[in-house]
Amino acid sequence: MAGKLKLYYFDGRGKMESIRWLLAAAGVEFEEEFLETREQYEKLLQGGSLLFQQVPMVEIDGMKMVQTRAILSYIAAKYNLYGKDLKERALIDMYVGGTDDLMGFILMFPFLSAEDKEKQRAVIVQKATSRYFPAYEKVLKDHGQDFLVGNNFSWADVHLLEAILMVEEKKSDVLSGFPQLQAFKARISSIPTIKKFLEPGSQRKPVPDDKYVETVRRVLRMYYDIKAN
């Protein structure tokens, strides 16, 4: 029997968080090894585990997978969260890609200066409410189904819920003008595996704090300041 999946990353969100979300949605248990020192990271590098010299890295089915999108695609296909045919998979890829674009504005937020954070917060809310949320609101309204693709729960739904909650952390009432997305959020959040992941004590990570930022900077030797988009 294959061992439990193992995730290698920091004890925080970053690029690994969407992987945690998707595994949790599929009801798959996983272990984590948190990188806390430069020595741990260099050991992975020297051992040949990091193909492109970067994390996230996931041990799954005898593979040491890197590249976040490849990992997510594999998990989605393995656990039947990737549509029933090529057309549905293309739609899922399209919606996930759009959500990724929105998440990109949030990913580096913890590493910004206080001044840049306020500027970036406004950018995140503006992009969400003028570009991304209207698109998903229209998709849900036009097809009148509970889920984004094929009226079945998929990776696209998991990814969108994660993004919605991330944006709500920047502006709590950001969904006020989007009734379809409000209903979508409630539906997806009530799915048993998702509900469990949203409860205290799960492997979902909190909003990144200064300790997380300092650890990432130290392990990756990030000596430069990140600028807002």
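Which side chain does the side chain of S49 join in a polar contact? In this predicted model, the partner is K64, and the polar contact between the two side chains spans 3.1 Å. S49 is placed in the loop that runs between helix α2 (38-46) and strand β3 (57-60). The relative accessibility of S49 is 7%, and the residue therefore counts as buried, the limit for this class being under 20%. When residues up to four places away in sequence are left aside, S49 touches L44, M57, K64 and V66.

The protein chain contains nine helices and four strands. Read from the N terminus, these elements follow the order β-α-β-α-β-β-α-α-α-α-α-α-α. The radius of gyration of the protein chain is 18 Å, close to the 17 Å that the globule rule gives for 229 residues, so the chain is as compact as a globular protein of that length. Along the principal axes, the C-alpha atoms occupy a box of roughly 50 × 50 × 30 Å. Of the 229 residues in the protein chain, 46% are buried. Contacts between residues at least 6 apart in sequence were also examined, and 67% of them join residues at least 24 apart. The accessible surface of the protein chain amounts to about 11,900 Å², and carbon and sulfur atoms account for 52% of this surface.

Charged side chains were considered next. The count of salt bridges comes to 20. One of them is formed by the side chains of E29 and K4, with a distance of 3.5 Å from N to O. E29 lies in the loop between α1 (17-25) and β2 (30-34), whereas K4 belongs to the segment before β1 (5-9), so this pair ties together parts that are 25 residues apart in sequence. E29 has a relative accessibility of 56% and counts as exposed, while K4, at 43%, counts as partly exposed.

A salt bridge also links the side chains of K78 and D61, at 3.0 Å from N to O. K78 is part of helix α3 (residues 68-78) and D61 lies in the loop between β3 and β4 (63-66); the pair therefore ties together parts that are 17 residues apart in sequence. K78 is partly exposed, with a relative accessible area of 36%, and D61 is likewise partly exposed, at 39% relative accessibility.

Another salt bridge lies within a helix. The side chains of E115 and K119 meet at a distance of 3.6 Å from N to O. Both residues belong to helix α5 (residues 114-143), where they are four residues apart and are thus separated by about one helical turn. E115 is exposed, with a relative accessible area of 56%, and K119, at 48% relative accessibility, is partly exposed.

Salt bridges also form a network in the protein chain. D11, E17, R20, E32 and K205 are linked in this way.

Definitions and conventions. Residues numbered from 1 in each chain as written. Predicted model: local features only at pLDDT ≥ 70, side-chain atom pairs only at ≥ 80, totals over all residues. Heavy atoms only, no water. Helix = DSSP H or I, 4+ residues; strand = E, 2+ residues; numbered from the N terminus. Buried < 20%, exposed > 50% of the residue type's maximum accessible area, 1.4 Å probe, protein only. Polar contact = N/O pair within 3.5 Å; in protein donor to acceptor, adjacent residues only side chain to side chain. Contact = heavy atoms within 4.5 Å. Salt bridge = Lys/Arg side-chain N within 4 Å of Asp/Glu carboxyl O. Rg over C-alpha atoms; globule rule 2.2 N^0.38 Å. Areas by Shrake-Rupley, 256 points an atom, 1.4 Å probe, with all protein chains shown as cover.
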